[in-house]
Amino acid sequence: MAVDIEQKVTVVGLGYIGLPTAALIARSGCKVTGIDVSAKVVETVNNGKVHIEEVDLDGLVQGVVARGTLVASTAMVAADSFVIAVPTPHDAEHRPDISFVLDAARAIAPVLEAGNLVILESTSPVGTTEKVAELIADLRPDLRVPGRCSGAADIFIAYCPERVLPGRILVELVDNDRCIGGITPRCARRAMTFYRQFVRGACVTTTARAAEMVKLVENSYRDVNIAFANELSMMAEALGVDVWEVIRLANRHPRVNILQPGPGVGGHCIAVDPWFLVHGAPEHSRLIRTAREVNIAKTAHVIGAAEMLVSQHPKARVACLGLAFKPNIDDFRESPAVEVAAALARRFGSQIDIVEPYARGLPMEFAGTGARLIDLDSALAECELLIVLVDHDLFKSIPLEERADKIVYDTRGLWLDQPSGGHGNRLHRAA
Ligand code: SAJ
């Protein structure tokens, strides 16, 4: 999928999405400048190295930097197309903060020329792309800005969310369908031409507002469905039923597909994006808000149950299995497993050991607690109580004979072969 004419592209923000996107566009034949506020990030990329862990990203960045098609800079650079991929954090009340998006638009405005395309990729509340257009129109009264002028505009502005799964970013950036929302239909068509250079999935056009909502809806859909599973797990525990058995059997129905309960929902997207919808229309978001509350409550529930279990076994060494926010990755930020394990470490100190094959040291949440990071073999040799928080493949492969004499609290349904039946959120012990 190479381009016919050499195009210049500026990608603003070299994070988890911006850097892989910049590298892929560079591979497709465009001349790409990646902009970041951090001089350290810029230096790392210009040395052909990466500051984030993602499968195959290091080789790709090294290649495009060596070929000179990707260059990083802290200063804005003129281009044919601009892609904004900066963070959209939220405050303590979960109110979205789009100031980084607006800062990026402010930085782009002075270098914009007629014919340029500006695409926002950051997860954003509905209406943000229109705010970007408004800001550019204010800063550049000499340009006819879409949505702010009648007839054909001088520039193109669109919203196109990323939908990639950490660990599969480079594959999904190319293969996933893209939903492209233009401020006007002309903007959407222009952005579609841009994405077709490096996307193999279908490119579907819509309005900017709809595309913004699509992104938030995708992650809210998953949050609501995980909340359903988590609610079932707490309900089943109260009713003395094995939740994993219930879900497995219910899923035999041809139109039922219940997700898996866990210690809560982690990551930077699913636990955050639903709030953007809730804030956009508070009076119409009862289900989405409640789902968030259920998933948050599930973490508190697991902490309470684990604390009770450990206090019933004051002499037992305890191993918490896993810290990552999901299996087989090394990302511990916004992880319910960290929340649970750190709560136990704060309360029980050196009685608690942590096993996390993807960690080189314990995160700061454990500072001063006395908890140790140990390997799996030591945990199986020394600990009587296992608390399963992450379904890493390494843990799944522990055979029954190595855990048969352990007291197990399994929040992930990892070992359904456990002799007592794999009671999920309940304590189970070998017969
Ligand atoms: N989880 C459960 N039970 C399940 C599935 C997931 O408890 O049955 C938990 C995981 O353990 C984890 C959290 O949910 O803590 C989120 O993990 P995930 O794998 O569902 O999703 P993310 O956060 O890695 O990536 C999501 C993806 N969105 C959807 O699947 C709708 C991804 O496609 C998005 O691009 C990404 O959010 C994002 O950047 O928005």
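Visitor: Let's start with the ligand. Which backbone does a nitrogen atom of the ligand sit 2.7 Å from?
Guide: That is a polar backbone atom of Q260. A polar contact here is a pair of N or O atoms within 3.5 Å; within protein, one must be able to donate a hydrogen and the other to accept it, and residues adjacent in sequence count only if both atoms are side-chain atoms.

Visitor: How much of the ligand does the protein cover?
Guide: On its own the ligand has 770 Å² of accessible area (Shrake-Rupley method, 1.4 Å probe), and the protein covers 87% of that.

Visitor: Is this an experimental model or a predicted one?
Guide: The model is predicted: local features need pLDDT of at least 70, side-chain atom pairs count only at pLDDT 80 or more, and totals for chains, interfaces and linings use all residues. Residues are numbered from 1 along each chain as its sequence is written, and side-chain values use heavy atoms, with hydrogens and water left out.

Visitor: New topic: where are the domains?
Guide: Domain 1 is 8-217 and domain 2 is 242-428, with bounds from an automatic or database domain assignment.

Visitor: How many residues does each put into the contact?
Guide: Domain 1 gives 18 and domain 2 gives 9 (heavy atoms within 4.5 Å).

Visitor: How many salt bridges are between them?
Guide: The count is 0 (a side-chain nitrogen of Lys or Arg within 4 Å of a carboxyl oxygen of Asp or Glu). There are 4 residue pairs in polar contact, both at pLDDT 80 or more.
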